[in-house]
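Let's take a walk through a protein structure together.

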Amino acid sequence: MKRVLLLPADTRPVTLELPHQLARVAGLEMRSPALEILNRMNEPGNTAALAEWLRREAPVADVAIVSLETLCLGGMIPARRVSDSLEATLQRLEVLREIKHKHPGLRILAHGVVVRVAHDNDPLEEKPYYGEWGAALRKVSEWMDRLERQQAAGQALGDAPMELDRARLHLPKEVLQDWLETRERNHALHMAAIDLLNEGILEHLCLTLDDTTPYGLAARDRRRLEARLDELGLWSEADIYPGADEVACTLLARALVNHSGRRTRVLVRYPSVLAEQAEMLYEDRPLGELVRAHVRAAGGLMVQTVEEADLVLAVNAPAIRQAHHQPDFETVDTAARHLPDFVDRLVADQAAGRMVAVADVAYANGAENRFVQLLLQSVNLPGLAGFAAWNTAGNSLGSALATGICALYGDDPVSLAEANFSRLVDDWLYQSRVRPEVHDKLTEEIGKPPSPFDLGDLKWGAELAIDQRLTPLAYGLWQQFFAPSLPGVKLEWNRPRLAWPRLFTGVFPLRLVREDG
């Protein structure tokens, strides 16, 4: 296994650059299509050109990791918005059968995202009408699912029919119809992918739930997909669980594990005995079950002792419930959580020569400041087998675990240090420290909070403020905590910018380079 093709879910740095970084960690060559034919936020990519790229690259590749939404609908975000017919969508999927038949040795791993019911009324990542009708659509989603569950269980329906009718009354019929038809088309695509798995065209299939909740249409779609896998007996080659942007990394790890023929043994550590039951903000299950799902998807097997383990996955978790704003002493950093002891165990693991990957999910959308400060005091950061603290708990778990597994198959400490440094720059320095500062600065300048969806004319000033604040912090992190462990290596740093016109998606071009070449 040497060359891997990546057809990414979108062009955000995390979904496009992180898999390439992990490929370097594992000593692989990763190839992706030109940016010009991929999506630009909600503008779909060129599906015909993407199919042709797969045909052209397949003869010299060992593995292909394919986003179903990118291949068939132009990208993960465009898949929620475009009106392409089901017939056209499924026809585009046929290229996978074509290249597998022509190149039987090519291993194809695919992933798709169950259409989310977005928590925010975002008119750019969702249908344009979602900005106005998002709350009403969420109500319909919840009560459709609740009613279906009660009917399936033979329970008294209670207020469910009335609540569903009330929710529908608040929506234009054409809006609800369009929204539901888009969901059904994408669901049909995922069902067709299961058929490809059953035929042996796909080696593994991950169907993940993005920004999900315990009740809603995503949960209903999950049950329908699970029933199909039950019917065909395909669970050894498939996973359905909460995740999205990180899945390409997960499947890269899975490809390595499948190639080796041995599942990676993973020991999980937490800072609290309550952590496994902690509630996550964007997932439909407690943290312990989420961890199990991600370990399985990456080809891992959870074990109970360090003697059995190939990898220690350290999950910095809240005691009760994940939160947005730091510090949170009611649900995150409570007396039921002992961070110093948690970090002491990681130090002992490193001293014993164990590979340790860290997933920080105490807070959504950024690392916990208190936890990172403790790591800085005692842990060898360049030597970690992975670090992640971005976006949802699933995003962080999946990418930290994938980095750790890739590190088991590689022997390049500089590439691994670069992966860890990149994530600390983005997940800690930017998301937890600089982004809130820049948000407050823009709020002061315009007299109100900037739009979380589109900065408009504020984008240039935001990028300047990010550069002024982030660049010295990044150099300080490098010089104090990375450079001493990496003699003969220098940091190449380019000016940070925003991938999209919103503070949420930063781009931080950096490389760690050996001075001797």
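**Cysteines, charges and cores**

The count of disulfides comes to zero, where a disulfide is a pair of cysteine sulfur atoms within 2.5 Å. Cys249 is in no disulfide either: the nearest cysteine sulfur is that of Cys406, 7.7 Å away. Cys72 counts as buried, at 0% relative accessibility, and so does Cys249, at 1%. Here, buried means under 20% relative accessible area, exposed means over 50%, and partly exposed lies in between (1.4 Å probe, protein chains only).

Before going on, a word about what you are looking at. This is a predicted model in which local features need pLDDT of at least 70 and side-chain atom pairs count only at pLDDT 80 or more, while totals for chains, interfaces and linings use all residues. Residues are numbered from 1 along each chain as its sequence is written, and side-chain values use heavy atoms, with hydrogens and water left out.

Now for the charged residues. Lys and Arg count as positive and Asp and Glu as negative, while His and the chain ends are not counted. A salt bridge is a side-chain nitrogen of Lys or Arg within 4 Å of a carboxyl oxygen of Asp or Glu. How many salt bridges does a search of the whole structure find? It finds 56.

Start with the salt bridge between the side chains of Asp210 and Arg80, at 3.1 Å from N to O. Asp210 sits in the loop between strand S5 (204-209) and helix H8 (217-232), and Arg80 in the loop between helix H3 (68-73) and helix H4 (86-102), so this pair ties together parts that are 130 residues apart in sequence. These helices (H or I, at least four residues) and strands (E, at least two) are DSSP runs, numbered from the N terminus. Asp210 is buried, at 7% relative accessibility, and Arg80 is buried at 6%.

Next, look for Glu199 and Arg97, whose side chains meet in a salt bridge at 2.5 Å, N to O. This pair links distant parts of the chain, with Glu199 in helix H7 and Arg97 in helix H4, 102 residues apart. Are these two residues buried or partly exposed? Glu199 counts as partly exposed, at 44% relative accessibility, whereas Arg97 is buried, with a relative accessible area of 18%.

Arg502 and Glu125 form another salt bridge, with their closest N and O atoms 2.7 Å apart. Here the distant parts being linked are 377 residues apart: Arg502 is in the loop between strand S13 (497-498) and strand S14 (506-507), and Glu125 is in the loop between strand S4 (107-114) and helix H5 (130-153). Arg502 is buried at 4% relative accessibility, and Glu125 is buried at 8%. Both residues belong to a network of salt bridges that also links Arg80, Arg116, Asp122, Glu126, Asp210 and Asp211.

Arg185, in helix H7 (residues 173-199), tells another story. Arg185 is buried yet has no salt bridge, and the nearest side chain of opposite charge, Asp84, is 5.2 Å away. The side chain of Arg185 does make a polar contact with the side chain of Asn186, at 2.9 Å. A polar contact is a pair of N or O atoms within 3.5 Å; within protein, one must be able to donate a hydrogen and the other to accept it, and residues adjacent in sequence count only if both atoms are side-chain atoms.

Let's turn to the nonpolar residues. A nonpolar core is a set of buried Ala, Val, Leu, Ile, Met, Phe, Trp, Tyr and Cys residues joined through side-chain atoms within 4.5 Å. In the largest core, which has 57 residues, Leu252, Leu287, Val291, Leu313 and Val315 touch the most other members. Helix H9 (residues 247-260) gives this core its largest share, nine residues. A second, separate core of 50 residues includes Ala314, Val372, Tyr430 and Ala474.

Our last stop is Val379, in the loop between helix H12 (369-378) and strand S11 (386-388). Val379 is buried, with a relative accessible area of 8%. Val379 and Val347 are 32 residues apart in sequence, and their C-alpha atoms are 5.7 Å apart in space. Not counting residues up to four places away in sequence, Val379 touches Val343, Val347, Gln350 and Leu384, where contact means heavy atoms within 4.5 Å. In H12 itself, the buried residues are Phe371, Val372, Leu374, Leu375 and Leu376.
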